[in-house]
Amino acid sequence: MGMLLDGRWSKEDRTLHDGAYVRPASPFSACIPAELIRDIGAEPGRFHLIASRSCPWSHRTILARTLKDLEAALPLHVATGPRTQGYRMGTADRPWRVPGTNNRIEHLHELYTLAEPRLTARSTVPVLWDAAAQRIVSNDSARILRALDAVEVKGSAGADWTLAPHHLHSEIAALSDRIQSGLSNAVYRSGKARRQDVYDVAVDEVFDTLDMLENRLSETRFLHGRALTETDLRLWPTLIRFDLVYHGHFKCARRRLVDFPNLWAYARDLLALPGVAATFDPDAIRKAYYGEDRDLNPTGLVAAAPELDWHAYHDRDSLSDRRVWRRSGASVPFQSVTAATGATKPCCPPANWRTAS
């Protein structure tokens with residue numbers, strides 16, 4: 001996997017401990033100050049989001065940027081592969097220019113050492129970069145997601161509503177923590193386990209959590225009722241990767257997502273939100289997991305894609321309409337916050353939507 005050791009790239013892997021995968025803490029995980037959140041909206045182009053289309057943690061922040069209508073204020077830079085030294089930003093022939101500097105880099109870890117030259121850490125995505133201060137604001141997906149929700153851009157579709165209403169903060173935190181531990185991180189603990197007992201514990205957690213969510217979504221359209229919240233954006237990137245890569249590559253093979261009627265319908269329901277389909281790249285996901293994870297898949301062969309009909313009717317409308325929470329505290333129909341600003345993002349995937357094989 002590789003990481004930075006005292007500012008230098010190393011192939012050393014410190015994520016495995018006694019046969020178990022342990023996710024390291026993010027090195028830039030402090031709270032994002034309110035004044036910086038304000039500046040994202042007030043100074044378009046100063047801050048930049050660096051993310052990968054294959055990474056579920058990145059996907060959360062891309063979803064927030066899309067749904068909160070922040071594309072004009074916050075440029076997106078896509079980190080890719082091949083990951084010879086972690087995520088790649090450019091090539092030797094065409095290096096990437098770091099916003100706000102004259103520095104040109106090939107690998108993401110070079111951005112990390114620009115921010116902190118003697119850093120020992122993994123260079124992960126997403127990254128929120130401040131081009132004016134030339135520093136990494138955060139590489140913690142949960143912090144970035146919450147910050148982007150709080151950004152206000154005058155006239156944008158996301159200015160008047162929130163994914164984290166104050167009265168739900170404790171419930172959002174509790175359920176998000178359970179999803180993070182029991183599913184989003186547990187699929188990695190399952191796939192990267194090097195001992196049978198460690199794997200058994202992790203895979204049990206995965207399916208216990210999926211069973212809990214399946215039951216919860218039998219009665220409500222979203223995880224916290226009729227209105228979309230950040231918990232939905234934290235869960236969805238894991239769900240849509242489940243049959244593509246976690247079921248096979250990470251050995252979470254007991255059941256597929258399509259075997260959970262409510263979760264599968266819920267995943268398709270969120271895919272139909274304005275702009276969301278454009279954030280989902282099944283090919284990039286499969287190629288990155290199978291092709292780049294040579295510890296689990298030494299040959300780099302990419303498995304055939306499962307046949308998934310993302311356009312199938314989901315009937316989630318029978319539970320309730322889609323709603324969001326205004327910052328004032330009232331819930332309103334989702335379409336009212338986009339129609340009022342003339343948003344034109346497509347609200348559903350193309351009619352021929354399938355995962356490509």
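## Strand β5, an enclosed strand

Let's start inside: strand β5 (residues 47-51) has five of its five residues buried, so the rest of the structure largely encloses it. Here, buried means under 20% relative accessible area, exposed over 50%, and partly exposed in between (1.4 Å probe, protein chains only). Helices (H or I, at least four residues) and strands (E, at least two) are DSSP runs, numbered from the N terminus.

This is a predicted model, in which local features need pLDDT of at least 70 and side-chain atom pairs count only at pLDDT 80 or more, while totals for chains, interfaces and linings use all residues. Residues are numbered from 1 along each chain as its sequence is written, and side-chain values use heavy atoms, leaving out hydrogens and water.

In a regular strand, side chains alternate between the two faces of the sheet. Both faces of β5 are covered, with Phe47, Leu49 and Ala51 buried on one side and His48 and Ile50 buried on the other.

## Neighbours of β5

Two strands pair if DSSP finds at least two bridges between them. With strand β9 (residues 127-130), β5 pairs in the antiparallel sense over four bridges, and Phe47 stands opposite Asp130 there.

Strand β6 (residues 76-78) runs parallel to β5, joined by three bridges, with Leu49 opposite Leu76. Between β5 and β6 the chain passes through helix α2 (residues 56-67), in a right-handed β-α-β crossover: with the strands pointing away from the viewer, the path from the first strand over the helix to the second runs clockwise.

## Cysteines

How many disulfides are there? Taking a disulfide as a pair of cysteine sulfur atoms within 2.5 Å, the count is zero. The sulfur of Cys252 lies 17 Å from the closest cysteine sulfur, in Cys55, which is too far for a bond. Cys252 is buried, at a relative accessible area of 0%, whereas Cys31 is exposed, at 57%.
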